[in-house]
Amino acid sequence: MLTRRQATITMGGMAVSAMLALSGCAPSVGGATGGASASAAAVSQADIDKAMDTATTLTVWSWVPNLQNQVDLFEKKYPKIKVNLVNTTGGAQHYPKLRSALKAGKGIPDVAQVEMQFIPSFVQTKSLADLTPYGAADQKSGYVDWVWNQVAVNGKVWAVPQDSGPLGSLYRKDIFDKAGVTEAPKTWDDFAAAAKLVKDKTDSYITNLPGNDVGQMYGFFWQAGAKPFSYDGNKTVGIDLDSADTQKVVDYWQKLISDDLVSVDPDFTDEYYQGLSRDKYASWQVAAWGPIFLQGTAKNTSGKWRAGTIPQWSEGENVSGNWGGSTDAVMEASQNKIAAYEFSKFINTDSEAALRLATEQFLFPTTTAILEDPEFVDQKSEFYGGQQVNKFFAGVSDTVDKDFQWLPFMDYVGSSYGETLGKAIADKGDLRAALTTWQSQVTAYAKQQGFTVK
Amino acid sequence: MTALPARRRPGRVRSAQTRMAWILLIPFLVVFVAMFLVPLGYSFYVSLFSSQLVGGTVFAGLGNYARALQDPSFWGGLGRVALFLLVQVPIMLIAATFFALALDSGRVRGGKVVRLLIFLPYAVPSVVATLMWGYLYGRDFGLITQLFQLVGLPSPNLLSSSTILGSTMNIVCWSFIGYNMIILYAALRSIPTELYEAAEIDGAGQFRVAWSVKLPAIRPALLLTVIFSIIGSFQLFNEPNLLANIAPNAVGTDFSPNLYAFNLAFKNQDINYAAAIAFLLGLVIAIISFVVQSATNRKERQA
């Protein structure tokens, strides 16, 4: 979703928001309701009913645009509960602010939006409430498998999934036609061959590999079956960034970069948007939130784009990865955990609230109900030549590899990427060597932070 | 002899004056202590600890400082801003002095308008200036690239890791030449006109006047701009931090020591180490400013 784009716009405002958080805006108003102690005992339906009928104020931090719509629906259903919605404007401001509040021990919201990749970092600091006592485990069947695996670890459920980003490939049919690429490349080998044709016969590059976008790289790793990270929820991490699978990915791109068949411009910059609308790139390997984003960015290319599957590593396979996606997590410090969980569940699974998230706020859904809802999947998009793009990506969601994990310090992994592999991409340097440096930097950081690296 | 005036003034009056002086200083002192000394002391205190994600916070003594002294990122950033200082500051100050002298000579037509135009970039916030230049530098569709293409030359990549420092220098020059020019111009205007008359009688031309009368007279102002520029160079932050969005891989997280401290605190979550880096940087700036100031003072005394 928009998450990633906003996260790239890391501005100096961080320090300010951290200060704001320290000065303690929005303390959660403690109601007399349940969840007062973190007892693991299951909460009964009577407890829930009582909590939802007690005057309570919930503080929610999120950067989903217009989330107030969902809040209104919730407040209509539960009139005793008031929701104080704080728009934190994006990951770059959100996490430093949240971490400062957690460190200060005050001003902590009841519910906070947390991207999937950052869940372990808050599990590690014991900041998230385990949602199993509130019945979260029962929700499993309502979600796409791989999404559920992102929030449920070792018998605990840490958050309610909100949106996801299964990877596909958006491509310019007109440019492909001009280059003589009659059908969208099925495998990465086809893609490389097509890259040559596009470069020779048109003024475009087949695609752009940005050196600043670690999220897309995780997606490529994910799709290639790499398992670069693991975390036991306590002190032990596994870091395997320099494996056969990741090497396969970087070697592939190395070749395309060295032959000047792909460009290496940073993405989500003004120049990049211009490149998209001025035919510089003939395709974009992007998540399910990409189509809407592209539509807003390159309006003048309407009707020329199509959505297709991401090229495969072996012929006949159909495997995808994920890029982005977020959840709503209940904070351990919340005094209103029942209501906080019910809120998170409501906005993401109530049929009206969730459908509107998908069709009005363009968060790509995580529940099977919305992924099958005709109102969502049957939408046709002029921008994509009348294609049912949602239906296409709903299909992709089923093909995402199920076991991708994260480290409890993805901020560092990301910034280290920008100076190792990302930099090598931008400078058209030695990707394999940079991959090794990335691995060693992340390992050194993990050790220095006191983790056991297995 | 020196004791005489003191004896003449009754002690009571003097102590009353001292008391009044302190009272008048209180508002400043309160703000100074609360907004400067306390945070400074606190960050020094913070820098004496080390915290890990696993294991929490422990007292580390000067461990963070020892680590910083061996940190290639810290030294690399320091080296970069030192290079910045050595190249950018002379260019900026020479240009500012030249403009100030030219305007002061009164031979520039429309001097007031020119003065305003040169000063104008300073009125543009550095954030806006950096974003604006970022667009101009753009690799494919930037104005500079398009100009090069117009005349059929290969366009330089002004946002690559090898050129980004120069591009940053250009932005800072653009922003601050006018600011320094105003300081120097004001100093020039305050030179007593008798000196010019004397020089004229001695038969000195414009250049001779500029060299032998004006420049020596504005020495204190020049020194001030030098010190400001040194501090400004070492504290380089806004420009690289914003350019990092436009040219993400060209500007590392350790591009300047300030940026490094910021990233350590908010990306690596290593606030203690960031505090130590910030403290060391402050120390370096203080030492260099002191050396420059005392060196020029000594020269003045010798002269």
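**Exercise 1.** Which residues in α19(A) meet which residues in α21(A)?

*Solution.* The model is predicted; local features need pLDDT of at least 70, side-chain atom pairs count only at pLDDT 80 or more, and totals for chains, interfaces and linings use all residues. Residues are numbered from 1 along each chain as its sequence is written, chains are lettered from A and ligands numbered from 1 in the order in which they are written, and side-chain values use heavy atoms, with hydrogens and water left out.

Step 1. Locate the helices, which are DSSP runs of H or I of at least four residues, numbered from the N terminus (strands: E, at least two). Helix α19 of chain A spans residues 410-419 and helix α21 of chain A spans residues 431-448.

Step 2. List the contacts (heavy atoms within 4.5 Å). From α19(A), Y412(A), V413(A), S416(A) and Y417(A) meet W438(A), Q441(A), V442(A) and Y445(A) of α21(A).

Step 3. Sort these residues by class: the contact of α19(A) with α21(A) has six nonpolar, two polar and no charged residues. Here Ala, Val, Leu, Ile, Met, Phe, Trp, Tyr, Cys and Pro count as nonpolar, Asp, Glu, Lys and Arg as charged, and the others, Gly among them, as polar.

**Exercise 2.** Determine where the buried residues of helix α4 of chain A lie and what they pack against.

*Solution.* Step 1. Apply the accessibility classes: buried is under 20% relative accessible area, exposed over 50%, and partly exposed in between (1.4 Å probe, protein chains only). In α4(A), residues 68-77, the buried residues are Q70(A), V71(A), L73(A) and F74(A).

Step 1. Viewed down the axis of α4(A), these residues fall within an arc of 160°, so they line one face of the helix. The arc is that of the directions from the helix axis to the C-beta atoms.

Step 2. The partners of these buried residues in chain A are α3 (45-52), β1 (56-62), β2 (81-87), α14 (337-349) and α15 (351-359).

Note on methods: Axes fitted to C-alpha atoms, helices over the stretch in contact; angles between N-to-C directions.
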